[in-house]
Amino acid sequence: MASKPKTKTAFFCQNCGTQHSKWLGQCNSCNEWNTIVEELISNTSTPSAWQSPKSTINKSVKAHKIDSLQTDENQRFSSLNAEFDRVLGGGIVQGSVTLIGGEPGIGKSTLLLQISLRLKVKCLYISGEESEQQVKLRAERIGIQNQDCYLLTATKSQEIFQQIALTEPDIVIIDSIQTLHSEILDSAPGSVSQIRQCASEFIQFAKESNTPVILIGHITKDGNLAGPKILEHMVDTVLQFEGDRHHVYRILRANKNRFGSTAEIGIYEMQGAGLKEVLNPSEILLSKRDSYLSGNAIASSLEGIRPMLVEIQALVSTAVYGTPQRSTTGFDARRLNMLLAVLEKRCGFRLGAKDVFLNITGGIRIDDPAIDLAVIAAILSSSEDIPLANKICFAAEVGLSGEIRPVARMEQRISEAEKMGLNQIFISSHSKIKAGDYAIEVISCGKIEEVFERLFG
Ligand code: TYD
Ligand code: MG
């Protein structure tokens, strides 16, 4: 009786992808508990690359002098989706691999199908999650016709590459990397080794054929991209698609970008017929209202190079229970605590026994420190129960001693406020701004007390 070849297994950490020789309760590389699983690995043994015979030198692989290399003029092409281009740093780079992650149902498939349908180049959309019928229904819903967009429902990477060779697409989109599997490995789709293998096959394909590849990735319950962390190192660009399920706005951010800045964001609105690009965010982020209520303040914020006005809402009320509550949506809770401590300690406002709720309208998240002053103004307005004057906004950071600090790109923030029809902006007295240059009234302050004096004094 022929003896069965011995199958080889190894233990991989599902969090960081480290390989272990035996099962462990805790990964000694990333210190996560219960993340190690046994996986089958290939049982063919190939000699290590270092030991391969020198006679098989591949003539097409050669080291070149950097100076002698030519750059390609048409390195990028437009996705014809202004927000997507902006986040990528000016369009899709030839031969690049982009990974886009997001919660289930946030609209990743919708966004990429929409981009595929709008592209003027030949596109291959590979779906491992949905049937042809389902994708077709979605395409009908989006309502764009395109003769040059191909759909393939497959999950085996070998079959996919055969179809790529037949269709010769100019761009490949994969929905999603977790559903693919390569025959080289025996482990199940979605396992660390399969994700790594399939991703590296597509990365190799992208680099050798100079075809851009976009991979959709699932995220885990704690918000990280599922699969090995090294996946993020392997690809050129990592994008994150996020938003509040209860709001229609979706934000696309770059977490890593080898070809552009990571400061840019793209804003979309989910509608009945797909995602609509939001080209003027200030208009949608300012709530439409006639009468002004206490606790609302407008901040002139900046995401990447794009200024936008956002509205901050605060509610300060007496705590019903012993420990006051602090809750935020779209703003860092620790930063709120810091600002409350500054108000308490440096400016003598008694907020220690109050519940404070803070909300940035539109369901978006802002990390720009320049909204500090607007947060403070909203809190003070709610606490005093006095609405702020109709058309004022704020753009300054607040320091630990209650000083008002200047922020970057003041001119753009002031111009945006002016453009949106506001008539006063509070900034730091240390900003190098000539107030006379603007039609809007620029008010410089050095301390929170001065701002309080001007607003409610
Ligand atoms: P989907 O792209 O399937 O999300 P993901 O791929 O990230 O899991 O998005 C699904 C959601 O989007 C679904 O709840 C319905 C909604 N949607 C619209 O509101 N309008 C549309 O035109 C489409 C296609 C989807
Ligand atoms: Mg999907």
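Asp236 is buried, with a relative accessible area of 3%. Buried means under 20% relative accessible area, exposed means over 50%, and partly exposed lies in between, with a 1.4 Å probe and protein chains only. This is a predicted model, in which local features need pLDDT of at least 70 and side-chain atom pairs count only at pLDDT 80 or more, while totals for chains, interfaces and linings use all residues. Residues are numbered from 1 along each chain as its sequence is written, chains are lettered from A and ligands numbered from 1 in the order in which they are written, and side-chain values use heavy atoms, with hydrogens and water left out.

**Around Asp236**

Where does Asp236 sit? Its place is in the loop between α6 and β11. Helices (H or I, at least four residues) and strands (E, at least two) are DSSP runs, numbered from the N terminus.

Asp236 has a polar contact of 2.7 Å with Lys207, side chain to side chain. A polar contact is a pair of N or O atoms within 3.5 Å; within protein, one must be able to donate a hydrogen and the other to accept it, and residues adjacent in sequence count only if both atoms are side-chain atoms. The side chain of Asp236 also has a polar atom 2.8 Å from the backbone nitrogen of Val97.

Neighbours within four places in sequence aside, the residues in contact with Asp236 include Gly95, Ser96, Lys256 and Phe259. Contact means heavy atoms within 4.5 Å.

**Salt bridges**

A salt bridge is a side-chain nitrogen of Lys or Arg within 4 Å of a carboxyl oxygen of Asp or Glu. By this rule the count comes to 20 salt bridges. Three of them are given here.

| Pair | N to O distance |
|---|---|
| Arg258 and Asp236 | 2.7 Å |
| Arg334 and Asp332 | 3.9 Å |
| Glu397 and Arg335 | 3.8 Å |

Arg258 lies in the loop between β12 (249-257) and β13 (265-271), and Asp236 in the loop between α6 (230-234) and β11 (237-243), so the pair ties together parts that are 22 residues apart in sequence. Arg258 is partly exposed, at 46% relative accessible area, whereas Asp236 is buried.

Arg335 counts as partly exposed, at 23% relative accessibility.

Some salt bridges share partners, and these join Glu242, Arg253, Glu303, Arg365 and Asp367 into one network.

**Around Glu397**

Glu397 and Pro369 are 28 residues apart in sequence, yet their C-alpha atoms are 5.4 Å apart in space. Besides Arg335 and Pro369, the contacts of Glu397 beyond four places in sequence include Ala370, Asp372, Glu403 and Val407.

**The shell around ligand 1**

Which residues come nearest to ligand 1? Of the 15 residues around this ligand, they are Gly105, Ser109, Thr110, Gln271 and Gly274. A residue is near a molecule or strand if one of its heavy atoms lies within 4 Å of it.

Backbone atoms take part in several polar contacts here. A nitrogen atom of ligand 1 lies 2.7 Å from a backbone N or O atom of Gln271. Oxygen of ligand 1 is also found 3.0 Å from a backbone N or O atom of Gly107 and 2.9 Å from a polar backbone atom of Gly272.

On its own, ligand 1 has 560 Å² of accessible area, and the protein covers 75% of this. Accessible areas come from the Shrake-Rupley method with a 1.4 Å probe; for residues, only the protein chains shown count as cover.

Two or more residues of the shell come from each of α2 (108-118), α3 (132-142) and β13. With three residues, α2 gives the most.

**The whole chain**

The protein chain has 11 helices and 23 strands. Of its 457 residues, 47% count as buried. Its C-alpha trace spans about 95 × 50 × 50 Å along the principal axes. Among contacts with a separation of 6 or more, 66% are between residues 24 or more positions apart. The accessible surface of the chain comes to about 23,300 Å², and 50% of that belongs to carbon and sulfur atoms.
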